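Please look at the sequence and the structure before turning to the points.

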Amino acid sequence: MSHVFPRHTKSDLPIAAGGEGCYLIDAQGKRYLDCGDAAVSCLGHSNPAVIRAVQDQVEQIAFAHSGFMTSEPAEALADLLIQHAPGDLDRVYFVSGGSEATEAAIKLARQYFLETGQPERRHVIARKQSYHGNTLGALSAGGNAWRRAQFAPMLIEMTHISACYEYAEKPESEGSFDYGQRVANELEAEILRLGPDTVMAFMAEPVVGATLGAVPAVEGYFKRIREICNQYGVLLILDEVMCGMGRTGHLFACDHDDVAPDILCIAKGLGAGYQPIGAMLCTGAIYDAIRDGSGFFQHGHTYIGHPVATAAALAVVRELTERDLPARAGVMGDKVHSALEAAFGQHPNVGDLRGRGLFRGIELVSDRGTKAPFDPSLGIAGKVKKAAMAEGLICYPMAGTRDGRNGDHILLAPPFIIGDAQIDELVSKLERALSAVI
Ligand SMILES: Cc1ncc(COP(=O)(O)O)c(C=O)c1O
């Protein structure tokens, strides 16, 4: 009888007993190819440099509260991140995960406008079908109806414009670029509706992960978003918790779109699973407003800047940058895409294969021609997850792709060390899992 409160009370989970490269091994010795539980493991499960960094740090100093002391790994990690960060990002606020990063971003945006004498700026605009985390502020920003529903009466009022979801929402008669401009312009319309002096931030994922299944914006979309934010003095918060840290082929996903945010959130791949860590990066201008104003950001958690977590992440980011692993994610991602095309390109129930780098999505449909989703009562995504586990494959199927209820997709986020043989293994396990379900 377990006393653990699990995610699902009716699930019967294997015990994770070991990890080796791209594989997780359970207590019975069964091996699972880890292609992205939730896009955490970018270096695999047995990276010697990261393991050593954690061990060394625990021996030196495990914890010192960031209200009293800083630490060498926190300082070095912030330097390294800023060395590679886009635009004017200049300061790093460490947290322990993705929701803490987005929560901190929302609060920092608010405090920035207080410090700069614009207290009426309070509205956050985000997008439908996005996910920014599960704490109440982050959940308020998220646009996924299913995740929000039961907490709706407690959520902060935020508004949501359309996602940039070309496959399902672009009319056939409209060009890709025009579609992107049109949905980006919804931001301007929403700012004008709310009152330009009352909007503080727009928040979006450069490549939408959990809720849409690796959907990048079309070309020109984020450039237009950046223009609108500049025009109305609205901060752009990019949430790269899932798509960042090299997964899409760039260390920072927004580099692909050639835009830089005012605030950027990362987590998952930052610690690569070796430690729970996230971070919020902000521009020098935002930091200076706090420094020259009240002098402190009215926020904080006990474990921010944890020495062992930052030591692990420092080793991770060194691995990513020194071995040029984001570029490898780009190359191997193209191979995964080609393999998926070959296996599922003509599959009657695969509507779309998409993504960037090693962040790939497969949208499942009941009819390729009409793009009609499966009846949600069939529970396709849940069944695919189970069938894949039985095959020894961990992937991330999710339901509600279209509107929080209808639609199913499979998200794939393999470690950047994946090899050609493992791509074949991924595709053949997925083929068997899909044919067991559909
Ligand atoms: C884009 C995005 N933001 C935020 C979060 C929340 O991160 P965490 O689960 O670490 O709190 C996630 C988690 O999946 C995410 O994908």
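This is a predicted model: local features need pLDDT of at least 70, side-chain atom pairs count only at pLDDT 80 or more; totals for chains, interfaces and linings use all residues.

Residues are numbered from 1 along each chain as its sequence is written, and side-chain values use heavy atoms, with hydrogens and water left out. The protein chain is assigned domain 1 (16-46 + 324-437) and domain 2 (49-320); such bounds come from an automatic or database domain assignment.

**The two domains**

- The centres of domain 1 and domain 2, taken over C-alpha atoms, are separated by 25 Å.
- In the contact between them, 40 residues of domain 1 meet 40 residues of domain 2, where contact means heavy atoms within 4.5 Å.
- The size of an interface is often given as the accessible area lost when the parts come together.
- About 3,100 Å² is buried between domain 1 and domain 2, and carbon and sulfur atoms give 59% of this area; buried area is the accessible area (1.4 Å probe) that two parts lose on being put together, summed over both.

- Helices (H or I, at least four residues) and strands (E, at least two) are DSSP runs numbered from the N terminus, and two strands pair if DSSP finds at least two bridges between them.
- Strand β7 (residues 199-204) has 6 of its 6 residues buried, so the rest of the structure largely encloses it; buried means under 20% relative accessible area, exposed over 50%, and partly exposed in between (1.4 Å probe, protein chains only).
- Strand β5 (residues 123-127) runs parallel to β7 and is joined to it by 3 bridges, with Val-124 opposite Ala-201 in β7.
- Strand β10 (residues 235-239) also pairs with β7 in the parallel sense, over 4 bridges; Ala-204 stands opposite Leu-238 in β10.

**The sheet of four strands**

- Another open sheet has 4 strands in the order β13-β14-β17-β16, with antiparallel pairing.
- Its edge strands are β13 (350-356) and β16 (396-399), each with a single partner strand, so one side of each is left without a neighbour in the sheet.
- Strands β14 (residues 359-364) and β17 (residues 408-412) pair in the antiparallel sense over 5 bridges, and the bridge partner of Glu-363 in β17 is His-409.
- Helix α12 (residues 325-344) packs on this sheet and touches β13, β14 and β17, its direction making about 20° with that of β14.
- Helix α14 (residues 420-437) packs on the sheet as well, touching β14 and β17, and its direction makes about 160° with that of β17.

**The nonpolar cores**

- The largest nonpolar core has 99 residues, and among those with the most contacts inside it are Leu-81, Phe-202 and Leu-270; a nonpolar core is a set of buried Ala, Val, Leu, Ile, Met, Phe, Trp, Tyr and Cys residues joined through side-chain atoms within 4.5 Å.
- Helix α11 (residues 307-322) gives the largest share of this core, 9 residues.
- At least three residues of this core come from each of domain 1 and domain 2.
- Leu-270 touches, among others beyond four places away in sequence, Leu-77, Leu-81, Met-245 and Val-317.
- Apart from this core lies another, of 29 residues, including Ala-201, Cys-265, Met-280 and Phe-297.

**A closer look at Leu-325**

- Leu-325 is found in helix α12 and counts as buried because its relative accessibility is 2%.
- Leaving aside neighbours within four places in sequence, Leu-325 is in contact with Leu-43, Glu-319, Leu-320 and Phe-416.

Methods: Axes are lines fitted to C-alpha atoms, for helices over the stretch in contact, and angles run from 0 to 180 degrees between N-to-C directions.
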